[in-house]
Amino acid sequence: MDRRQLIVRGAALALAAPALPLLLAPTAHAAPPSAQLPSRAEIIAVLRRVTDHWISTHGDSGNNGWARATFFSGLMAVYRLTRDARYLNYARAWAEKHNYGILGGVTTRHADNHNAIQTYLDLHEVEPEARKLTAAEDTLRRMITNQPNKNDDWWWDDALHMAMPPFARFGQLRNDTAFSTKLHRLYNHTKRVQGGPGLWAPGLGGLWYRDDRFLPGKILSPSGKPVLWSRGNGWVAAGHVKVLKALPAGAPNVPEYRDTLTRLVTTLGPLQRTDGFWNVNLGDAAHLPGPETSGTSFFAYGAAYAIAAGLVPSATYLPVAARAWNGMVATAVHADGFLGYVQNVGDRPESSQPITYNSTADFGVGAFLLAGTELAGLAR
């Protein structure tokens, strides 16, 4: 399904977006989860339960599109943490099934189609073999050399997670600055140019609009507040984390990536629900309120990395990340490892509603696995 087709009609219009003070912390009715991070062993046990449930119920590993590729990014993170050969074997079989290819072919410029490259790179790191990266390198180099001044391909904020990390990682692998240069040009267009002002909203604490349909004067919530989609901002957080993991501290543009992630994480803290989750609209606590796992997972992932990297103080933000994890484990993880309260495919708060205990999706599971593996690194 093309997320560009998931447009809800009849949204309210206004002349300008409200300012940051309207981004009020939501009220939740569930008992607050613990602000203490569980032990490393306890986190790993939950990760295994969720991972094993997905694998046992998905004999068909699926296509190599953005959604399933996000699951495999999380799966490879769990493999690196546990070194369980079952996880590596499942990921390898998926990549082999698709011949390490690119959905849409190597001529595609669509960021979603580049998401699978992250797992291909992970598999190449474990078991180096040139053929695993042939199509991946070809498609990215075409982005660099064909229409070199075209930098508007990443017109929605999800793209930052799908395609930023492959460019960053290939630049390091090949010691070729052309990748990081193109990465920043595409990124800068999304951030500061797309739709006129860009999708980044520094006046709203560094949150991001999903795409230019939600910019000031366009789509608002039913009560006239900004629509700042939770998972859209989650994609942004995860993209920045993965890029910062790939690039050395002294690389060009790293200070900007660090600052942008830091601003996002610090803004998210006061917006957290008392049950540990974040609402689907960060700009309006009353707009379809309720627990949602995919955005919450990505925010926990971003916060955990920011703590580990020294971008934010642990004393302030470890409780935020811990409440997110504990809340998800208590509310969304079923006894058998099924992960619920995941908003399915969409582009805004209204997408794939209602979100329930039995709502799940591959990319949501992948996000949860990424969060848990990063948090395990902070636990004892």
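Guide: Let's start with a crossing: helix 1 passes helix 3 in a left-handed crossing. This is a predicted model, so local features need pLDDT of at least 70 and side-chain atom pairs count only at pLDDT 80 or more, while totals for chains, interfaces and linings use all residues. Residues are numbered from 1 along each chain as its sequence is written, and side-chain values use heavy atoms, with hydrogens and water left out.

Visitor: What makes a crossing left-handed?

Guide: The near helix is turned anticlockwise from the far one by less than a right angle; clockwise would be right-handed. Helices here are DSSP runs of H or I with at least four residues, numbered from the N terminus.

Visitor: Why is helix 1 called oblique to helix 3?

Guide: Helix 1 and helix 3 (residues 85-97) pack at an angle of about 40°, with their axes 12 Å apart. Axes are lines fitted to C-alpha atoms, for helices over the stretch in contact, and angles run from 0 to 180 degrees between N-to-C directions. Angles under 35 degrees count as roughly parallel, over 145 as roughly antiparallel, 65 to 115 as roughly perpendicular and the rest as oblique. The angle of about 40° therefore makes helix 1 oblique to helix 3.

Visitor: Which residues meet where helix 1 packs on helix 3?

Guide: From helix 1 come Arg48, Thr51, Asp52, Trp54 and Ile55, and they meet Arg86, Tyr87 and Tyr90 of helix 3. Contact means heavy atoms within 4.5 Å.

Visitor: What makes helix 9 roughly parallel to helix 11?

Guide: Helix 9 (residues 230-246) and helix 11 (residues 293-308) have axes 8 Å apart and an angle of about 30°. That angle makes helix 9 roughly parallel to helix 11. Helix 9, too, passes its partner, helix 11, in a left-handed crossing. Among the residues that meet are Trp235 and Lys242 in helix 9, and Phe298 and Tyr305 in helix 11.

Visitor: Why is Gln118 called buried?

Guide: Buried means under 20% relative accessible area, exposed over 50%, and partly exposed in between, with a 1.4 Å probe and protein chains only. Gln118 has a relative accessible area of 2%, so Gln118 is buried. Gln118 belongs to helix 5 (residues 117-126). Leaving aside neighbours within four places in sequence, its contacts include Ser73, His161, Arg169 and Lys242.

Visitor: What makes the pairing of Gln118 and His161 a polar contact?

Guide: A polar contact is a pair of N or O atoms within 3.5 Å; within protein, one must be able to donate a hydrogen and the other to accept it, and residues adjacent in sequence count only if both atoms are side-chain atoms. Here the backbone oxygen of His161 lies 2.9 Å from a polar atom of the Gln118 side chain.

Visitor: Is Asp60 buried or exposed?

Guide: Asp60 has a relative accessible area of 52%, so Asp60 is exposed. Asp60 sits in the loop between helix 1 (40-56) and helix 2 (66-82). A polar atom of the Asp60 side chain lies 2.9 Å from the backbone nitrogen of Gly62. Not counting residues up to four places away in sequence, Asp60 touches Arg68, Tyr90 and Lys97.

Visitor: And why is Glu42 called partly exposed?

Guide: Glu42, in helix 1, has a relative accessible area of 47%, so the label is partly exposed.

Visitor: What joins Gln353 and Pro354?

Guide: A cis peptide bond, with omega of about 0°. Pro354 lies in the loop between helix 12 and helix 13.

Definitions and conventions. Helix = DSSP H or I, 4+ residues; strand = E, 2+ residues; numbered from the N terminus.
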